[in-house]
Amino acid sequence: MSRVAGRHWAYVALTAALAIAAAIWAIPHLYETAWFAYYDGEPGGTRPPFPSLSPDLFLLPASAQLVLLAVGVGLLVQIYSTAYLGHHPRYRSYALVIVLFLVAMIAVVGTTNLWVLLVGWEVMGLCSYLLIGHEWQTAEARAGAAKAFLMTRVADLGLVLAILVIGETYGTYDLIGVEIAAGQSPQHATAIGLLVLVAVIGKSAQFPLHTWLPDAMPGPTPITALIHAATMVAAGVYLAARLFFLYAESTVVVTAMAVVAGITMLLGAVLALVQTDLKRALAWSTVSQLALMLGAIAAADPDAGLSHLISHGVFKALLFLGCGCLMHAVGSSALSAMGGLRASMPVTFWSTTVGFAALAGLVPTAGFFTKDSVLHSIEQAADHDGGLATGTAYALLAAALVTVFLTAAYATRLWLKAFFGPAPDDHTGREAPWAMTGPLVVLAVATFALSIGQPFHLGTGLLTTALAVAGVATIVLLRRRGASVDLEIGPLTAELGLDRPFSRWLPAVVRGVSRTVVDLDQEAVDAYPRAGAGLAERASHVLGLAQSRNVQRYATLIAAGVLVLVVVGVVLT
């Protein structure tokens, strides 16, 4: 083993140690339900009602699952990166930031202290900036990192304000203490819920702050598997589910959440359907799938949303890493550079096929069961009185069903474009090294394994399977008839211009406001000190006229002054 390779595996060993420690901590909590039996604090009592950074480590079953997801995918990403990045000169910083990223994610999901959660949340934002901009020598990476960092600051503001309101309302910053107090007397549900929704929209790339995630694709492909599948974007949905008890009774909040989810899931699916770049298509897919999870939370079933979050984290990490193997073979993530790779890259082909099947929601993958749980929860919200109005619930259900069809369609299109058809002449399509294909196999097996024990909803399953099969059949038939599946639909190829407010209008407004502030500062505020300075300058000029630097004149004036004083004194006496 070379010295470089040895250093790479040292970082893998460090990540493995973190993963083992996290697993030892998390696994015993996977099936605990009586969380209150482990809590000895009283709201506003033994837990201090002021900010502190006491770790207050505590895991619910869903939190334990997220910890295992994060460290599991993180370890696979580290292994994958040893081959993918090879002899990159900044590999050390890259690998260490991944470890820091995982620690921050553990802090977010493994604490009951809202301020510790905020610290982890902020560290994740910093790490995402560093990792997305890892190839800082390219303009796209710099722009994507800056955009992600700035747009997620909106989420940070929402979370900070939510924490302050929660602390002032319930007298504690401990989540379990807050839950006990809220169960006795819920207060300010709408204000807290809307602030949490702002945090979720920014962190999980939901409409209208969704455009940063596709633009983060210039980062290394293993990082997209980590950030956009298992960690940062998952943190927003986790926060919405974890704090659901605070705003569950607010019709305003759950309705707003349902509207955001409905718009985003359709928008992401449509834009994924028209992409010509595989990584960018998977990014839009992530935006859409996160909206499905948010829809389940709006339908008062956060467990269904978190269940889909876990399965999506696995199969979307599989797809992003599979995309990296394809890029390793053809040198690009453009779909036009791919094709005909199923024979020359069998491990990548079969593993990625499992990922696309899970994304499309096909039996027996985990994606089928968890997606159906989301749809079933929305159906239940439409059939029963709850936080969502009946009309809103049915509209959300319709959006979700259309999304199921579109998801199967674009998943099939991407699969066919990458692995079937004529292969370009300028690449050989060689299989990636085992350090890259090994994680694919592990994630493919996990995609099936996670289906074990999942609830099955017969009616919902039949409906969604029919829609998924229809989406698959539509693309297959179009391709067999010789029609192009490259859907160049006018403005859709420009992603509807939805980024224009952030790339053009908002900067123009900010520049205009900045110029106005500068002009006011120069012409109004600075007028007073400039006037004072001018007055002092003129006064000093007048006084300076008496300073002729002629000693004889000074002596004459002094003598004259003395003479005048003597005369005045004589006259007065």
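Reader: How do the residues lining the largest cavity divide by class?

Author: The lining of the largest cavity has six nonpolar, six polar and one charged residues. Here Ala, Val, Leu, Ile, Met, Phe, Trp, Tyr, Cys and Pro count as nonpolar, Asp, Glu, Lys and Arg as charged, and the others, Gly among them, as polar. The model is a predicted one, in which local features need pLDDT of at least 70 and side-chain atom pairs count only at pLDDT 80 or more, while totals for chains, interfaces and linings use all residues. Residues are numbered from 1 along each chain as its sequence is written, and side-chain values use heavy atoms, with hydrogens and water left out.

Reader: Which residues lie nearest the centre of that cavity?

Author: Q289, L292, L359, K371 and T407 do, out of 13 lining residues. The elements that give two or more residues to this lining are α12 (278–298), α13, α14 (346–360), α15 and α16 (390–419). Helices are DSSP runs (H or I, at least four residues), numbered from the N terminus. On a 1 Å grid over the protein atoms alone, a cavity is a set of points where a 1.4 Å probe fits but cannot get out; a pocket is an open set with protein on both sides within 12 Å along at least five of seven lines, and lining residues have an atom within 4 Å of a point.

Reader: And how much space is in the largest cavity?

Author: About 70 Å³. A volume is the space filled by probe spheres set on the grid points, which are joined across faces, edges and corners.

Reader: Turning to pockets, what is the volume of the largest one?

Author: The largest pocket has about 1,100 Å³. Of its 43 lining residues, P61, A62, Q65, S307 and I310 are the closest to its centre. Elements giving two or more residues to the lining include α2 (61–84) and α13 (302–330). By class, the lining of this pocket has 26 nonpolar, twelve polar and five charged residues.

Reader: How are α2 and α13 placed relative to each other?

Author: Their axes are 10 Å apart and the packing angle is about 5 degrees. Axes are lines fitted to C-alpha atoms, for helices over the stretch in contact, and angles run from 0 to 180 degrees between N-to-C directions. α2 and α13 are therefore roughly parallel to each other, a term for angles under 35 degrees. Among the residues that meet are A62, Q65 and L66 in α2 and L306, L309 and I310 in α13, where contact means heavy atoms within 4.5 Å. The contact of α2 with α13 has 14 nonpolar, three polar and no charged residues.

Reader: Where are the cis peptide bonds that join F207 to P208 and V363 to P364?

Author: P208 is in the loop between α7 (189–203) and α8 (221–230), and P364 is in the loop between α14 and α15. Omega is about 5 degrees for the bond from F207 to P208 and near 5 degrees for the bond from V363 to P364. Most residues other than glycine have a negative phi, and most peptide bonds are trans.

Reader: What is phi for A205?

Author: Phi of A205 is near 55 degrees, a positive value in a residue other than glycine. A205 is also in the loop between α7 and α8.

Reader: Is A205 buried or exposed?

Author: A205 counts as buried, at 0% relative accessibility. Buried means under 20% relative accessible area, exposed over 50% and partly exposed in between, with a 1.4 Å probe and protein chains only.

Definitions and conventions
Parallel < 35°, antiparallel > 145°, perpendicular 65-115°, else oblique.
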